[in-house]
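Subject: Structure handover and findings

Dear colleague,

Please find the structure below, followed by an account of what was found in it.

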Amino acid sequence: MDLFPLWNSLRIAGISTAIIFFLGILAAYYIAKAPRLVKGVLDVILTLPLVLPPTVVGFLLLRVLGPRRAIGAFFLEQWNIRLTMTWWSAIFATTVVIFPLMYRTCRGAFESFDETLAAAGKTLGLSNSYIFWRIRLPACRPGILAGMVLSFARALGEYGATSMIAGYTPGRTATISTTVYQLWRTNDDGLALKWVLVNIAISFAVLLAVNFIEKREKKAVNL
């Protein structure tokens, strides 16, 4: 059993989760403080990939990053770098798909933050940077961690956008999801089932982690 799809899925999910961890927190923090109208418009735009079919996301990415498109052609001509049909091309797809999960979770955490704590910090002469890193983020940590774990799980199981922008090449771009589909197409149900079980096991572990985080949050509140 070739373990490349597992390794490739884990690194793609890990890298994309690291990217949206910072982008999601940054976007959620500033949009949560924006005027209602601006917040509503930006919220719709940033959440759109969550409701779009993954194949539509993949198609739009191909329209932007394809070798015959402006950005894709620029990278190909200047540095001979293809932005599609490589293992790291899937990072573009998973980042776009999972960003709304992280953003929405972080925004909910920031909006539930007790602003009197920040106000108290300002009266003590604390800087906005100190309040953000030492007061706001620790208070919102459970929600942020839950969003990160759920985003990682979603990235691990992404198929539609990934298959369109990265394709399926054994040993190069194959992920767990694309491997399951290809094995099913070739009537290798036995091996496909093994990969399905691997994915279920990882997803089960992720959900346990989310439940653990939620329980710790409840205990902290009760204390």
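A cavity, as used here, is a set of points on a 1 Å grid over the protein atoms alone where a 1.4 Å probe fits but cannot get out, whereas a pocket is an open set with protein on both sides within 12 Å along at least five of seven lines; lining residues have an atom within 4 Å of a point. Grid points are joined across faces, edges and corners, and a volume is the space filled by probe spheres set on the points.

The model is predicted, and local features need pLDDT of at least 70, side-chain atom pairs count only at pLDDT 80 or more, and totals for chains, interfaces and linings use all residues. Residues are numbered from 1 along each chain as its sequence is written, and side-chain values use heavy atoms, with hydrogens and water left out.

Cavities

By this rule there are 2 cavities of 30 Å³ or more. The largest cavity holds about 50 Å³ of space, and its lining is made up of Ser-9, Ile-12, Ala-90, Thr-94, Ala-155, Leu-156, Glu-158, Thr-162 and Thr-175. Two or more residues of that lining come from each of H1, H5 and H7, where helices (H or I, at least four residues) and strands (E, at least two) are DSSP runs numbered from the N terminus. By class, the lining of the largest cavity has 4 nonpolar, 4 polar and 1 charged residues; here Ala, Val, Leu, Ile, Met, Phe, Trp, Tyr, Cys and Pro count as nonpolar, Asp, Glu, Lys and Arg as charged, and the others, Gly among them, as polar.

The second largest cavity has a volume of about 30 Å³, and the residues that line it include Leu-65, Pro-67, Leu-76, Arg-82 and Thr-84. Its lining divides into 5 nonpolar, 3 polar and 1 charged residues.

The second largest pocket

About 240 Å³ of space lies in the second largest pocket. Of the 13 residues that line this pocket, Phe-21, Ile-25, Phe-132, Trp-133 and Leu-137 lie nearest its centre. H1 and H7 are the elements that give two or more residues to the lining, and H7 has the largest share, with 7 residues. The classes in this lining are 12 nonpolar, no polar and 1 charged.

The chain as a whole

The protein chain has 10 helices and 0 strands, and its C-alpha trace spans about 65 × 40 × 30 Å along the principal axes. Of its 223 residues, 39% count as buried, where buried means under 20% relative accessible area, exposed over 50% and partly exposed in between (1.4 Å probe, protein chains only). The accessible surface comes to about 12800 Å², of which 66% belongs to carbon and sulfur atoms; accessible areas come from the Shrake-Rupley method with a 1.4 Å probe, and for residues only the protein chains shown count as cover. Among contacts (heavy atoms within 4.5 Å) between residues at least 6 apart in sequence, 71% join residues at least 24 apart.

Nonpolar cores

A nonpolar core is a set of buried Ala, Val, Leu, Ile, Met, Phe, Trp, Tyr and Cys residues joined through side-chain atoms within 4.5 Å. The largest has 33 residues, of which Ile-25, Cys-106, Phe-110 and Ile-144 touch the most other members. Helix H1 (4–32), helix H5 (89–111), helix H7 (128–156), helix H9 (176–185) and helix H10 (189–222) each supply at least two residues of this core. A second, separate core of 12 residues includes Leu-83, Ala-90, Ile-91 and Ala-93.

Asn-199, in helix H10, is buried, with a relative accessible area of 18%. Not counting residues up to four places away in sequence, Asn-199 touches Leu-156, Gly-157, Ile-176 and Ser-177.

Asn-80, in the loop between helix H4 (70–79) and H5, has a positive phi of about 55° although it is not a glycine, and Asn-80 is exposed, with a relative accessible area of 63%. Asn-187, in the loop between H9 and H10, has a positive phi of about 65°, again without being a glycine, and Asn-187 is exposed at 68% relative accessible area.

With best regards
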